[in-house]
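Student: Hi! Could you walk me through this one before I set anything up?
Tutor: Happy to. Let's look at it together.

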Amino acid sequence: FLSSKLVGYRFIGRGREKEPEQGESCGIYFRSDRFELIDSGHFWLSESPDIPGSVGWDAALPRLVSWVRLKDLESTYAEFVFANTHFDHVGRKAQLQSAHTIRTKLVDENEIPVVISGDFNCGENSEPYEALTNPEGQRILIDSYRVSNPEGTDQECSFTSWKGNRTGQRIDWILHSADWTCLKAEINHTQDKGRNPSDHYPVEAVLRFTAKTER
């Protein structure tokens with residue numbers, strides 16, 4: 001349904017179970033006229049990240065990361081990685097180790113600009129958040145929402161419970177490397193006649209690429 005409506009967008013994704021057609025995906029859409037796909041892939045948030053459907057640590061379910069490496073054809077011809085994920089909702093160890101796995105796979109192994117979005121199932125005071133945004137001696141990731149909204153409130157909940165709830169923690173983040181400047185970020189509270197489109201509010205960000213690259 002989404003693909004039929006998103007004309008001009010290409011989809012990269014697969015199910016998180018062993019078989020690609022089974023289970024939840026963390027799919028990515030991107031504009032095919034604006035970006036050239038250089039590479040893409042998936043890895044699982046487990047001790048065996050290359051084994052499809054693997055469950056890690058104390059997680060209740062298989063969890064994965066889908067990523068694309070894109071070249072911007074419109075302006076800078078820069079390359080960057082965009083990744084999307086969904087952390088486990090039960091396993092606290094799994095959440096922390098998932099953050100470390102993402103850092104190892106996407107952040108620390110190379111210096112390419114990166115954006116990581118997802119439902120992390122934990123808030124700003126959590127160890128996974130610290131591991132991604134404030135690591136010791138490692139490359140940091142920046143929380144776009146907090147840059148745009150520096151004063152935190154108790155009305156930043158991104159989990160609606162299907163009831164329009166706004167009180168609580170923001171567990172959905174858009175993180176980016178220092179190669180980007182956040183122009184705007186917000187939580188989208190759009191409803192249709194009182195109905196919520198999901199059990200989460202969309203978190204949105206407008207990022208401007210600021211790293212210098214050679215064309």
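**Helix, sheet and pockets**

Tutor: Let's begin with a check on α2: at 1.5 Å a residue, its 16 residues should span 22 Å, and the end C-alpha atoms are 22 Å apart, which agrees. Keep in mind that this is a predicted model.

Student: Good to know. Which residues of α2 are buried?
Tutor: The buried ones are A94, Q95, L96, S98, A99, T101, I102, R103, L106 and V107.

Student: And what covers them?
Tutor: The cover over the buried residues of α2 includes the strands β3, β4, β5 and β6, along with the helix α3 (127-133).

Student: Those strands, then. In what order do they sit in the sheet?
Tutor: The order is β3-β4-β5-β6-β8-β7, an open sheet of 6 strands with mixed pairing. At the edges are β3 (35-44) and β7 (142-143), each of which pairs on one side only.

Student: How does β4 run against β5, parallel or antiparallel?
Tutor: Antiparallel, with 7 bridges joining β4 to β5. W67 stands opposite A83 in β5. The two strands form a hairpin with 6 residues between them, and Y77 in the turn has a positive phi of about 60 degrees.

Student: What about the pairing of β5 with β6?
Tutor: That one is parallel, over 6 bridges, between residues 79-86 of β5 and residues 114-119 of β6. For landmarks, V81 has V114 as its bridge partner in β6, and H86 stands opposite D119 in β6.

Student: How many residues of β5 are buried?
Tutor: 6 of its 8 residues are, so β5 is mostly covered, with under 20% relative accessible area as the cut-off for buried.

Student: Switching topic: how much space lies in the largest pocket?
Tutor: About 1,500 Å³. Its lining has 45 residues, and F82, N84, S117, I174 and V203 lie nearest the centre.

Student: Which element supplies the largest share of that lining?
Tutor: β10, with 6 residues. Among the elements that each supply at least two residues are α1 (2-5), β1 (9-12), β2 (28-31), β5, β6 and β8 (172-176).

Student: How do the lining residues of the largest pocket divide by type?
Tutor: There are 25 nonpolar, 12 polar and 8 charged residues.

Student: And the second largest pocket, what lines that?
Tutor: Its lining is D39, H42, F43, W67, R69, V81, K105, L106, E109, N110 and I112. About 200 Å³ of space lies in this pocket.

Student: Which element gives the most there?
Tutor: β3 does, with 3 residues; β4 and α2 (92-107) each supply at least two. By type, the lining of the second largest pocket divides into 5 nonpolar, 2 polar and 4 charged residues.

Student: Is W162 buried or exposed?
Tutor: Exposed, because its relative accessibility is 54% and the cut-off is over 50%.

Student: What about K193?
Tutor: K193 is not a glycine either, yet has a positive phi of about 55 degrees. Its place is the loop between β9 (180-187) and β10, and at 79% relative accessibility K193 counts as exposed.

Conventions: Residues are numbered from 1 along each chain as its sequence is written. This is a predicted model: local features need pLDDT of at least 70, side-chain atom pairs count only at pLDDT 80 or more; totals for chains, interfaces and linings use all residues. Side-chain values use heavy atoms; hydrogens and water are left out. Two strands pair if DSSP finds at least two bridges between them. Helices (H or I, at least four residues) and strands (E, at least two) are DSSP runs, numbered from the N terminus. On a 1 Å grid over the protein atoms alone, a cavity is a set of points where a 1.4 Å probe fits but cannot get out, and a pocket is an open set with protein on both sides within 12 Å along at least five of seven lines; lining residues have an atom within 4 Å of a point. Grid points are joined across faces, edges and corners, and a volume is the space filled by probe spheres set on the points. Ala, Val, Leu, Ile, Met, Phe, Trp, Tyr, Cys and Pro count as nonpolar, Asp, Glu, Lys and Arg as charged, and the others, Gly among them, as polar. The expected span of a helix is 1.5 Å times one less than its number of residues. Buried means under 20% relative accessible area, exposed over 50%, partly exposed in between (1.4 Å probe, protein chains only). Contact means heavy atoms within 4.5 Å.
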